[in-house]
Amino acid sequence: MVPTSYHLILSGILFTIGVTGVLLRRNIIIIFMSIELMLNAVNLSFVALARHFGNMDGQIIVFFVMSVAAAEVAVGLAIILLVFRGRETVNVDELNLMRW
Amino acid sequence: MDQYVPVLIALILGGVVALVMTFASTMLGVKTHSAVKDEPFECGNPPSGSAWGRFSVKFYLAAILFIVFDVEVVFLYPWAVVFRQLGLFGFIAMLLFVLVLVVGLVYEVKKGGLEST
Amino acid sequence: MDMTLPAVNWLSVLPTLLLSVTGMLALFWDIWMKDDERSLLGWLSLTGIVVTALCSWLLWGQNDVESFSGMFALDAYAVFFHLVFCLVAGLTVLMSLTYLETAEIRHGEYYALILFATVGMTVMAAATDLILIFLGLETMSIAVYVLAGIWRQHLTSHEAALKYFLLGAFASGFLLYGIALIYGATGSVQLGPIAEHVGAQGSSPLLLIGMGLLIVGFGFKVAAVPFHVWTPDVYQGSPTTVTAFMAVGVKAAAFAAFARIFLHTLGAVHTDWQGILWVVAALTMTVGNITALVQHNIKRMLAYSSIAHAGYLLVAMVAGKELGGAALMYYLVAYGLMNLGAFGVVVAVGRKGEPHEELDDYAGLGFRHPALGMAMTVFMLSLTGVPPLVGFTGKFYIFSAAVQAGYIWLAIIGVLNSVVSAYYYIRVVVNMYMREGEAIVELPSLRSALGAAILIAAIGTVLMGVFPSASMSWAGASFLSLG
C-alpha cells in the first residue's frame with residue numbers, strides 16, 4: 001500500500017505547480033487552469049487523508065469542492081468572455097484601465 | 001522467466017522482418033514522384049482551416065450551463081447508494097435539493113439560455 | 001445497515017432559509033415583470049431582509065441550538081453577525097434603489113445576487129464546520145464576482161470583475177489547502193473536535209502550515225497586506241453600491257469566520273499565530289494609510305482606507321480574548337455604518353454618465369448641498385477617529401484591548417496611523433467647505449431611498465459613538481457565547 005505521505009507530497013507538488021502557474025503565466029485562461037489545478041491538488045489531499053483516517057469527511061468535501069469549482073468555472077468563463085469581447089485580449093498585463 | 005522466451009523471440013523476429021522489408025523496398029523499388037504523392041499523408045476529411053477558429057458565443061453559453069447542472073449529479077450518486085437506509089428524510093431532502101435546481105432551470109429557460117437560434 | 005439521521009433544528013437555519021427564498025422569489029419575479037417595475041424587486045428584497053433581521057432578533061439567546069450534527073450553530077455570535085449582514089444588505093439595497101437608475105444598470109438579477117451573497121455570509125458566520133465555512137465563502141464570493149461585473153457598459157467594471165474573480169479563486173485555493181492540512185493534523189473538519197484535539201495535543205508542523213494557509217486565504221478576503229493588491233482596482237471599477245457591499249459585507253463575513261476559527265477554535269495555540277498576525281496588522285495599517293494619501297479618486301481612496309481599517313480589525317484579532325473579540329465585533333459595526341454612509345454620499349454625488357468620483361468634484365459640496373456635506377463630514381471625521389463619533393470609540397476599544405493584552409507597540413503603530421489617516425479624510429472635508437466648486441450640478445433631493453440610507457448610517461454613526469456601552473456589552477455577550 002502506498003503510504004499517505006506520498007499522496008500528500010504529490011498533492012503539495014501539484015499545488016505548487018498551480019501557484020507557480022498563476023504567478024508566472026500571463027494568459028487569463030492558463031491562469032484559470034492553474035487555479036483549477038490548485039483546487040484539484042487539494043482534492044487529492046482530502047481523499048488521501050480520508051482513507052488515512054478512515055472517515056468520510058474528506059470524501060464528502062471533495063464533492064462540494066467539485067461542485068463549487070464548476071460554479072466558479074461557469075462564472076469565471078463568463079467574466080473572461082465579457083472582458084475579451086470588450087478588450088480583445090486575454091493577457092492580464094494589458095488590463096490596466098485603472099492606474100493612479 | 002522461461003515462459004517469456006517465446007515472446008522475446010517473436011519480438012526480435014518481428015523487428016528483423018520489419019527492418020529487412022523497409023530496407024529491401026528502398027533498395028530495390030522504383031521511385032516516381034508527383035505533387036499529390038509528396039503531400040503528408042492524412043486520413044479522413046482534408047483539413048479545412050485552423051482548429052483555433054472562433055465559435056459562436058451560443059456554444060459557450062450552452063457549455064457553461066451544462067457544466068453547472070452536470071456536476072450537481074455528483075450529489076445524487078452517493079444519495080442513490082444509501083437511498084433505502086435514508087428513508088423518507090433522505091427522499092425529502094433530495095426533493096428540496098432538486099427543487100432548487102429546478103428554480104435555476106426555469107430561470108435559465110425563461111431567460112432564453114437554451115434557445116439555439 | 002442502520003443510519004443515524006442528523007438532528008435537524010430548522011430554527012438554526014431560519015435566517016439563511018428566509019434570505020434564500022426571498023432571493024429565489026426575486027429571481028422569479030424578475031422574469032415575468034415589466035421593465036419599469038424593477039424597483040419593486042428592491043422593495044421585495046428589503047422586506048425579506050427586514051423579516052430576516054426580525055427573526056434573527058427573536059432567535060437571540062438560544063445559545064445551545066446546534067444542528068446538522070454540529071455543523072451549524074445558532075449562538076449569539078452568529079445572531080449578532082446575522083443582524084450586521086441584514087443591516088449591510090438593507091442599506092445597500094436602499095442605496096441601490098437610487099443608484100441603479102443613475103448608473104443605468106437594468107438587470108433584475110442584481111437584487112437576487114445581493115441576497116444570495118448575504119446567504120453565503122450568514123452561513124459563514126453560523127457554520128461550525130470548515131466545509132460549510134468554505135461553502136458559505138464561495139456562495140458569497142461567486143455572487144459578488146458577478147455583481148462586480150454587472151455594470152456592462154463600463155470596461156472598468158469588466159476588469160474589476162476579472163481581477164476580483166482571479167484573485168478570489170486563487171485565495172480560496174489557499175484557504176482550501178489550509179482546511180485540508182488542518183484536517184490532516186487533527187482528523188476532523190468540525191470546529192469542536194479540532195479545538196479539543198488542539199487543546200490536548202498542541203500544535204504540529206502540519207497544523208502550523210494549515211494555519212498559515214488559512215491566514216493567506218482570509219487575508220485575501222479581508223484585503224490585508226501583502227494580499228491587498230486587487231483591492232483598489234476592484235473597488236474603483238465596480239458599481240459604487242457593490243463596492244460598499246464588498247467593502248463592508250464581505251469583510252465582516254470574512255472576519256466572522258476568521259475570528260471564530262482563530263480566536264475560538266485555535267485559541268489554545270494562539271502563541272503560534274499571533275506573531276504573524278502582528279506583522280500583518282502593522283503592515284496593513286501602514287501601507288493602507290500611506291498609499292491612501294496620494295489618491296485623487298474617492299473610491300480608490302476609500303479602498304485604501306478599507307485596507308487600513310482591515311489593519312485595525314486585525315489588531316483586535318491579535319489582542320484576542322474577550323476584550324479583543326468584543327472590540328472586533330463592535331468595530332465591524334462601526335466600520336460598516338460609516339463606510340456605507342460614505343459610499344452613499346459618493347452615490348449621491350454621481351450623475352447619469354458622469355460618476356463624479358474625483359476629489360475635485362467635491363469642491364464646494366458643503367455649500368451646494370449642506371445636508372449631504374454635513375453627512376460626509378460626519379463619516380470622514382468618524383473614519384479618522386474623532387470623538388464622539390463611533391470611529392473613535394471603536395478604535396479606543398481596539399487599542400485598549402491591545403494594550404491590556406501587552407501589545408503596546410502595536411497600539412502605538414495604530415494610533416500613529418490614525419493620525420496619518422486624518423490627512424486624507426480631512427482633505428475631503430476641506431475640499432467641500434474651503435474651495436469653490438467649478439461646475440455646479442444639481443443634486444437629488446434627499447427624500448429618496450438613498451437619503452434614508454445615508455440618514456440611517458449618519459444617525460448610527462453618531463448614536464453608537466455617544467452611547468457605546470449598550471452595543472459594546474452586546475458585542476461582548478455575543479463573543480462569550482462562543483464558549
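The contact between chain A and chain C takes 31 residues from chain A and 31 residues from chain C, where two residues are in contact if their C-beta atoms, placed from the backbone, lie within 7 Å. The model is predicted: local features need pLDDT of at least 70, side-chain atom pairs count only at pLDDT 80 or more, and totals for chains, interfaces and linings use all residues. Residues are numbered from 1 along each chain as its sequence is written, while chains are lettered from A and ligands numbered from 1 in the order in which they are written.

**The side of chain A that touches chain C**

Helix H1 (4-24), H2 and H3 of chain A each supply at least two residues of the side that touches chain C. Helices (H or I, at least four residues) and strands (E, at least two) are DSSP runs, numbered from the N terminus. The most is given by H3(A), with 16 residues. By class, this side of chain A has 24 nonpolar, 4 polar and 3 charged residues. In this classification Ala, Val, Leu, Ile, Met, Phe, Trp, Tyr, Cys and Pro count as nonpolar, Asp, Glu, Lys and Arg as charged, and the others, Gly among them, as polar.

Chain A also meets chain B: 10 residues of chain A are in contact with 8 residues of chain B. The side of chain A that touches chain B has 9 nonpolar, 1 polar and no charged residues.

**Helix H3 of chain A**

Helix H3 of chain A spans residues 57-87 and has 31 residues. From its first C-alpha to its last, H3(A) reaches 44 Å, close to the 45 Å expected at 1.5 Å a residue; the expected span is 1.5 Å times one less than the number of residues. The buried residues of H3(A) are A:Gly58, A:Ile61, A:Val65, A:Val68, A:Ala69, A:Glu72, A:Val75, A:Gly76, A:Ile79, A:Ile80 and A:Val83. A residue is buried if 20 or more other C-beta atoms lie within 10 Å of its own, exposed if 12 or fewer, and partly exposed in between, with C-beta atoms placed from the backbone. The cover over these buried residues includes helix H2 (28-53) of chain A, together with helix H5 (130-148) and helix H6 (155-186) of chain C.

Chain A has 3 helices and 0 strands, and its elements run α-α-α from the N terminus on. The radius of gyration of chain A is 17 Å, well over the 13 Å that the globule rule gives for 100 residues, so chain A is more spread out than a compact globule. This radius is taken over C-alpha atoms, and the globule rule is 2.2 Å times the number of residues to the power 0.38. Along the principal axes, the C-alpha atoms of chain A fill a box of roughly 50 × 25 × 25 Å. Buried residues make up 31% of the 100 residues in chain A. Among contacts in chain A between residues at least 6 apart in sequence, 48% join residues at least 24 apart.

Chain B has 4 helices and 0 strands. Of its 117 residues, 0% are buried. Chain B is divided into domain 1 (1-30) and domain 2 (55-117), with bounds that come from an automatic or database domain assignment. The C-alpha centres of these two domains of chain B lie 56 Å apart.

**The largest nonpolar core**

A nonpolar core is a set of buried Ala, Val, Leu, Ile, Met, Phe, Trp, Tyr and Cys residues joined through C-beta atoms within 7 Å. The largest has 229 residues, of which C:Met124, C:Ala253 and C:Tyr331 touch the most other members. Not counting residues up to four places away in sequence, C:Met124 touches C:Ile133, C:Gly136, C:Leu137, C:Met140, C:Ala253, C:Ala256 and C:Ala257.

**Backbone features**

A:Glu88 has a positive phi of about 60 degrees although it is not a glycine. A:Glu88 is found in the segment after H3 of chain A and is exposed, with 8 other C-beta atoms within 10 Å. C:Glu104, which is not a glycine either, has a positive phi of about 55 degrees. The place of C:Glu104 is in the loop between helix H3 (76-103) and helix H4 (109-126) of chain C. With 11 C-beta neighbours inside 10 Å, C:Glu104 counts as exposed.
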